Amino acid sequence: MTQGAGRTQADRGDRAGLTGETVRRFLHVADAIRHDQEAALGALGLTPAVARALCELDPDRPSPARDLAVRLACDRSNVTALVDRLEQAGLVTRRVDPIDRRQKTLLVTDEGRRVRERVREALSGSRLLVGLTVEELSTLRELVEKVSDGDCPQRCAVD
């Protein structure tokens, strides 16, 4: 079905074929971005789950681990393992809550703040998009927003 310079039937207007090809390209781009992000996080010594936990913590306000579990939508026992890793890396400390001494709060360390910023940079900078102009990026964002009905999960926002 290929004609000329790599044009397929889908390129010429077959809606189902064009939609299928577009979805395949979306998946390819998503996989490539995920691979790049995981490599960048790995270079920081973090897994995606640990990096996400760090980014969910407010560096200006200590919070209980149960609040982190709610933000991550996971069981508190899973958060304990994530916090253990963050603490071992020197990115957070556990402190006794001065109001409720039965509870521990999580405090992002100075190193945690620095790494958190590097994580945000790693998650927002895709090599796949560097060749686009600002106008092209804006158009692409608008199109992606349109096909997602403007519904972007909270974790997709970069503060």
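1. In this predicted model, the order of elements along the sequence is α-α-β-α-α-β-β-α-α, that is, 6 helices and 3 strands. Of the 159 residues in the chain, 23% are buried. Among contacts between residues at least 6 apart in sequence, 47% join residues at least 24 apart.

2. The largest nonpolar core comprises 21 residues, and those with the most contacts inside it are Leu-46, Leu-54, Leu-57, Leu-68, Leu-86, Val-92 and Val-119. Two or more residues each are supplied by α2 (48-56), α3 (65-72), α4 (76-88), β3 (104-108) and α5 (110-124). The largest share, 5 residues, belongs to α2.

3. Val-92 deserves a separate remark. Apart from its neighbours within four places in sequence, Val-92 touches Leu-54, Leu-57, Val-83, Leu-86, Glu-87, Leu-107, Val-108 and Thr-109. Among these partners, Leu-54, Leu-57 and Leu-86 also belong to the group with the most contacts inside the core.

4. Why do the buried residues of α3 lie on the same side of the helix? The residues concerned are Leu-68, Ala-69 and Leu-72. They span an arc of only 105° around the axis, and therefore share one side of α3. In general, an α-helix has 3.6 residues a turn, so residues three or four places apart point the same way. The buried residues of α3 pack against α2, β1 (63-64), α4 and β3.

5. Ala-73 follows α3 and is placed in the loop between α3 and α4. Its phi is positive, about 55°, although the residue is not a glycine. Most residues other than glycine have a negative phi. Ala-73 is exposed, with a relative accessibility of 70%.

6. Thr-105, in strand β3, is by contrast buried, at 9% relative accessibility. Leaving out neighbours within four places in sequence, its contacts are Pro-62, Ser-63, Pro-64, Thr-93, Arg-94, Arg-95 and Asp-97.

7. The structure contains 10 salt bridges. One of them pairs the side chains of Glu-21 and Arg-25 at 2.8 Å, N to O. Both residues lie in helix α1 (residues 15-43), 4 residues apart, about one turn of the helix. Glu-21 is partly exposed at 22% relative accessibility, whereas Arg-25 is exposed at 55%.

8. Which parts of the chain does the salt bridge between Asp-60 and Arg-113 tie together? The closest N and O atoms of this pair are 3.1 Å apart. Asp-60 lies in the loop between α2 and β1 and Arg-113 in helix α5, so the bridge links parts 53 residues apart in sequence. Asp-60 is exposed at 62% relative accessibility; Arg-113, at 35%, is partly exposed.

9. A further salt bridge joins Arg-66 and Asp-67, with the closest N and O atoms 4.0 Å apart. Both residues are partly exposed, Arg-66 with a relative accessible area of 38% and Asp-67 with 25%. Elsewhere, shared partners connect Glu-21, Arg-24 and Arg-25 into one salt-bridge network.

10. The chain exposes about 11,200 Å², of which carbon and sulfur atoms supply 52%. A nonpolar surface patch of about 460 Å² is formed by Phe-26, Leu-132, Leu-137, Leu-140, Val-144 and Val-147. Helix α6 (residues 134-147) gives the largest share of this patch, 4 residues. Val-147, within α6, is exposed, with a relative accessible area of 57%.

Note on methods. Residues are numbered from 1 along each chain as its sequence is written. This is a predicted model: local features need pLDDT of at least 70, side-chain atom pairs count only at pLDDT 80 or more; totals for chains, interfaces and linings use all residues. Side-chain values use heavy atoms; hydrogens and water are left out. A nonpolar core is a set of buried Ala, Val, Leu, Ile, Met, Phe, Trp, Tyr and Cys residues joined through side-chain atoms within 4.5 Å. Buried means under 20% relative accessible area, exposed over 50%, partly exposed in between (1.4 Å probe, protein chains only). Contact means heavy atoms within 4.5 Å. The arc is that of the directions from the helix axis to the C-beta atoms. Accessible areas come from the Shrake-Rupley method with a 1.4 Å probe; for residues, only the protein chains shown count as cover. Patches are made of residues with over 30% relative accessible area and no salt bridge: like charges are joined within 9 Å, nonpolar side chains (Val, Leu, Ile, Met, Phe, Trp, Tyr) within 5 Å.
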